[in-house]
Amino acid sequence: MEMKLNAELIKSLRGKKAWSQDQLADIAGVSLRTIQRIEKTGIASLESKKAIASAFEMNSTDLDANDNEPDFRDEDEKVYFRVEEGSKLAELVGGAYAYRFNHDNPESEEEADLLASSAQSLQDWGEIWSDLDAGQKIKVTFELSQLIKELETLGFWVFALRTFEEYPGIKGGKWPVASIFLMRSDNPKIIKLNIGEKD
């Protein structure tokens, strides 16, 4: 289980003790790479959080992030994963009952136009997905792949998540919701996981 910590607080506490990152790693019993990652992203495992709190002789909850900055996790700490293929994007948006869109701020009219048209296309295709026949769906997945590539040429990556949620005013279970985040590839909030590596 991963959680968001107050990276600035950890750096400040380390500075007050005049510890290097390497010293904190030794005292906490974690790897130097773990400390570097936590101070950069604020993301840590429960075990690392407890180890660092113990090193500073404080409660682990005191290290929790207290900022309200938006990132690509929603209020339930669900993680948005990068989508690189049209077929996967179609799975996420196709037939959704509701849509959430978020994006990094555009820096030009070209970026604004592309983000706007991308969001609208994703919602449009999602809403009519169940009405398409098999051949049309193949063509749409190709179009979505091209859309992903076009976004990438301007430095944007697509992150998405599909959840099932209760919808306000409607009884009878949970409904599919597609959440899309169009994020700059250099956004520091992107967490790059190296699957298979150990701390």
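Residues are numbered from 1 along each chain as its sequence is written. Because the model is predicted, local features need pLDDT of at least 70 and side-chain atom pairs count only at pLDDT 80 or more, while totals for chains, interfaces and linings use all residues; side-chain values use heavy atoms, with hydrogens and water left out.

**Nonpolar cores**

In soluble globular proteins, nonpolar side chains tend to be buried together. A nonpolar core is a set of buried Ala, Val, Leu, Ile, Met, Phe, Trp, Tyr and Cys residues joined through side-chain atoms within 4.5 Å. Buried means under 20% relative accessible area, exposed means over 50%, and partly exposed lies in between (1.4 Å probe, protein chains only).

The largest nonpolar core has 23 residues, of which Val83, Leu89, Leu144, Leu151, Val158 and Ile180 touch the most other members. At least two residues of this core come from each of helix H5 (86-93), helix H6 (109-128), helix H7 (134-153), strand S5 (156-165) and strand S6 (175-184). Helices (H or I, at least four residues) and strands (E, at least two) are DSSP runs, numbered from the N terminus. H7 gives the most to this core, with five residues. Leaving out residues up to four places away in sequence, Leu144 touches Gly86, Leu89, Ala90, Leu122 and Trp125; contact means heavy atoms within 4.5 Å. Another core, of 18 residues, lies apart from it and includes Met3, Leu13, Leu24 and Leu63.

**Helix H2**

In helix H2 (residues 21-28), Leu24, Ala25 and Ala28 are buried. They cover an arc of only 100° around the axis, which puts them on the same side of H2; the arc is that of the directions from the helix axis to the C-beta atoms. The buried residues of H2 pack against helix H1 (7-16), helix H3 (32-41) and helix H4 (46-55). Gly29, whose phi is positive, near 75°, follows H2.

**Salt bridges**

A salt bridge is a side-chain nitrogen of Lys or Arg within 4 Å of a carboxyl oxygen of Asp or Glu. A search of the whole structure finds nine salt bridges, including those tabulated here.

| Pair | N to O distance |
|---|---|
| Arg14 and Glu39 | 2.7 Å |
| Arg82 and Glu152 | 2.9 Å |
| Glu111 and Arg184 | 2.6 Å |

Glu111 lies in helix H6 and Arg184 in strand S6, so this pair ties together parts that are 73 residues apart in sequence. Both Glu111 and Arg184 are buried, and Arg14 and Glu39 are also buried. By contrast, Arg82 counts as partly exposed, at 29% relative accessibility. Arg82, Glu84 and Glu152 are linked in a network of salt bridges.
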